[in-house]
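Subject: Structure handover and findings

Dear colleague,

Please find the structure below, handed over for your records. My notes on it come after.

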Amino acid sequence: MSAQREVRFWVAQRVTAVILAICVVVHLATMIYAVRGGLTAGEILGRTRGSIAWGTFYSVFVFAAAIHGAIGLRAIAAEWLRFRGAAAELTMTVVGLVLTLAGLRAVAAVVGAP
């Protein structure tokens, strides 16, 4: 694999880490605020239904997690298992797609129309 492509993966890993850190802080702060405010899970879901803002936020969260996770697993598989080349690239692409689809399904369940 080219050095330029490796640099792109490295940068993508760091950028998605920053996005994930921000998303985790926002998510946890919102959940703590909501629970301490006395909201139940049902009431929280009632407030997220149909919300374009929450749908966008959690979709960004999902894409960042899927990209970050697939790149991380690719690096681990290369280092620990010596799993490299086209088969490794395809496998990690599939992993990223599965994570994305599962995450977007969860977003649809939380934010879907009331």
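The notes that follow go through helices, salt bridges, aromatic pairs, the surface and backbone angles.

Please bear in mind that this is a predicted model.

Helices

Helix α1 covers residues 3–36. With 34 residues at 1.5 Å a residue, α1 should span 50 Å, and the distance of 49 Å between its end C-alpha atoms therefore agrees with that expectation.

The buried residues of α1 are Phe-9, Gln-13, Thr-16, Leu-20, Cys-23 and Ala-34.

Salt bridges

The count of salt bridges comes to 3. Glu-89 pairs with Arg-5, with the closest N and O atoms 3.4 Å apart. Because Glu-89 lies in helix α4 and Arg-5 in helix α1, this pair ties together parts that are 84 residues apart in sequence.

The side chains of Arg-74 and Glu-6 also meet in a salt bridge, at 2.5 Å from N to O. Here Arg-74 belongs to helix α3 and Glu-6 to helix α1, so the pair ties together parts 68 residues apart in sequence.

Arg-74 forms a salt bridge with Glu-89 as well, the closest N and O atoms being 2.9 Å apart. That pair links helix α3, which holds Arg-74, to helix α4, which holds Glu-89, and the two residues are 15 residues apart.

How do its members stand with regard to burial? Arg-74 is buried, with a relative accessible area of 12%, and Glu-89 is buried at 15%. Arg-5 counts as partly exposed at 38% relative accessibility, and Glu-6 is partly exposed with a relative accessible area of 33%.

Aromatic pairs

The count of aromatic pairs comes to 5. In one of them, the rings of Phe-57 and Tyr-58 have their centres 4.8 Å apart and their planes at 75 degrees, so the pair is edge-to-face. Phe-57 is buried, with a relative accessible area of 17%, and Tyr-58 is buried, with 15%. Ring pairs also link Trp-54, Phe-57, Tyr-58 and Phe-61 into a cluster.

Surface

A nonpolar patch on the surface is formed by Val-7, Trp-10, Val-11 and Val-15, which together have about 370 Å² of accessible area. Of these residues, Val-15 is placed in helix α1 and counts as partly exposed, at 44% relative accessibility.

Backbone angles

Which residue takes a positive phi just after α1? That residue is Gly-38, with a phi of about 90 degrees. Arg-82 has a positive phi of about 60 degrees although it is not a glycine. Most residues other than glycine have a negative phi. Arg-82 follows α3 and is placed in the loop between α3 and α4. At 58% relative accessibility, Arg-82 counts as exposed.

Yours sincerely

Conventions:
Residues are numbered from 1 along each chain as its sequence is written. This is a predicted model: local features need pLDDT of at least 70, side-chain atom pairs count only at pLDDT 80 or more; totals for chains, interfaces and linings use all residues. Side-chain values use heavy atoms; hydrogens and water are left out. Helices (H or I, at least four residues) and strands (E, at least two) are DSSP runs, numbered from the N terminus. The expected span of a helix is 1.5 Å times one less than its number of residues. Buried means under 20% relative accessible area, exposed over 50%, partly exposed in between (1.4 Å probe, protein chains only). Rings of Phe, Tyr and Trp (its six-membered ring) pair if their centres lie within 6.5 Å; planes under 30 degrees apart count as stacked, over 60 as edge-to-face and the rest as tilted. Patches are made of residues with over 30% relative accessible area and no salt bridge: like charges are joined within 9 Å, nonpolar side chains (Val, Leu, Ile, Met, Phe, Trp, Tyr) within 5 Å. Accessible areas come from the Shrake-Rupley method with a 1.4 Å probe; for residues, only the protein chains shown count as cover. A salt bridge is a side-chain nitrogen of Lys or Arg within 4 Å of a carboxyl oxygen of Asp or Glu.
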